[in-house]
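I am opening a notebook page for a structure that is new to me.

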Amino acid sequence: MEPAGSEGRGAVRELRLHLVTWNVGTASPPPDVTSLLQLNSLGPTMDMYVIGLQEVNSRITNFLSDLAFDDPWSIFFMTVLSPLGYIKLSSVRMQGLLLLVFVKHVHLPFIRDIHTHYTRTGLYGYWGNKGGVTVRMSLYGHTICFMNCHLPAHMENTEQRLDDFEKILEMQFEGENIPSTLDHDVLFWFGDLNFRIADYGIHFVRESINNKRYNLLWEKDQLNMAKKKEAFLQEFIEGPLQFKPTYKFDLYSDVYDTSEKKRKPAWTDRILWRVKNLCQHASKEVEFSEEEQTISVTLNNYISHMSYGISDHKPVTGTFGLELKPLLSDPLIILSPEGDWSAEHDVLISYSAVPEFPSSAWDWIGLFKVAFRHVNDYVTYAWVEDDEISSNKDSKQVYMSAAEIPDMGGEFLLCYYSNNLQSIVGISQPFQIQPNRTLIEKDLTQEENSWMQKPDNLESLDEF
């Protein structure tokens, strides 16, 4: 694992982002999401996964259980992604809305100021069955915001959808110096937006879909129509809708609604984005130099996944390239294990911090398995102040007790968690902890002794 800042300040860096939106209709996770997450892709691996779900099971018994423990969908995606080197960076839940953000370990020291928010719009703002959940962060010094929305249903509610989205955009994060939603460098807006195809009858819509003439339907898509007249929507970009409308399907099939209601197909599930500097450029009508453009977004593909049938919606994914000039090139903390580690003796950690680092008595260093799931998934930890044993202007040393080190050993990481910044600000290279030889020898001796002592109840078997 190379240090993410090794290219140095000013070098352009491209991150690959895979974004998922899926109305799961209260269903449990499917057996496999390999194609959904493009895990078999021959191209470079993703740097970040952003997964927005709607209609996660929110019956009161399920919801109360999920407040105390991770919900089944979070556990499912962590189980899939953690062995591949991704950690759940953040999540936010509001009844049936769930937003998960996973990143590769190597980026953790360069992701800061993570905040979450949710906005209820159901029942005039008193109920969370509709609304938006949001995660924002600073990524290599650039501000990024992800907004997962579930807007009102039905053909006639276009204006209500637009009003609700404007309300969600107006929300403010708690904390100092955090930009408003539209002031982020990049804003991703996605979810079950519930916009329908107006005017055309169901037979024309279905015939156009069957003939793959999706372009005939674009001009009557309510979101496309709204973008032509609503100024705040014109700044959002979307890829071409070159896939079948993703709603409404019979379960476990690719057949559109055969129930009595026979809902007209629609592109309800969408992914859009907005780049702030492009909006400023458009409003000023001036040349925008490459030097000024420190971040850009490229859509690599925008597709639906017809093979998933657990709900009446098909999931939609967008794969993006984020090209940026890092405004942060060095981690706040550099740390590493000292010497050979095993449970046979106390061990040492050395670390150094940049001069401006806002340390706290509540900072800690965690020992994690390489395939750890989230920041609280540590094996053990040490307080950086209480467990400090030496300090000079260049580095400090912290100890961990031998009693806390795993006897069986294995491959591990060290992470420094900043209480003030509420995030991991330093991560070590993977390293090996040696098995405890004393314990292994003791186990072998006990095993040999157990074979030498034949149980009394087996003696009678000698007669047969």
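Which residues are linked with Arg270 in a network of salt bridges? I looked this up and found Asp221 and Glu238 linked with Arg270 in such a network, where a salt bridge is a side-chain nitrogen of Lys or Arg within 4 Å of a carboxyl oxygen of Asp or Glu.

Before going on, I note that this is a predicted model, in which local features need pLDDT of at least 70 and side-chain atom pairs count only at pLDDT 80 or more, while totals for chains, interfaces and linings use all residues. Residues are numbered from 1 along each chain as its sequence is written, and side-chain values use heavy atoms, with hydrogens and water left out.

**Overall.** I find nine helices and 22 strands in the protein, taken as DSSP runs numbered from the N terminus (helices H or I, at least four residues; strands E, at least two). Of its 464 residues, 50% count as buried, with buried meaning under 20% relative accessible area, exposed over 50% and partly exposed in between (1.4 Å probe, protein chains only).

**Salt bridges.** My search of the whole structure gives six salt bridges. In one of them the side chains of Asp199 and Lys220 meet at 3.0 Å, N to O. This pair links distant parts of the chain, 21 residues apart, with Asp199 in the loop between β8 (186-192) and α4 (202-210) and Lys220 in the loop between α5 (215-218) and α6 (222-229). Asp199 is exposed, with a relative accessible area of 61%, whereas Lys220 at 22% counts as partly exposed.

I then looked up Glu235 and Arg274, whose side chains meet in a salt bridge at 2.7 Å, N to O. Glu235 lies in the loop between α7 (231-234) and β9 (237-238) and Arg274 in strand β10 (residues 269-275), so the pair ties together parts that are 39 residues apart in sequence. Arg274 counts as buried because its relative accessibility is 6%, while Glu235 is partly exposed at 31%.

**Ile303.** I place Ile303 in strand β11 (residues 295-304), and it is partly exposed, with a relative accessible area of 30%. Leaving aside neighbours within four places in sequence, Ile303 is in contact (heavy atoms within 4.5 Å) with Gln38, Phe243, Pro315, Val316 and Thr317. The C-alpha atoms of Ile303 and Phe243 are separated by 6.2 Å, although the two are 60 residues apart along the chain.
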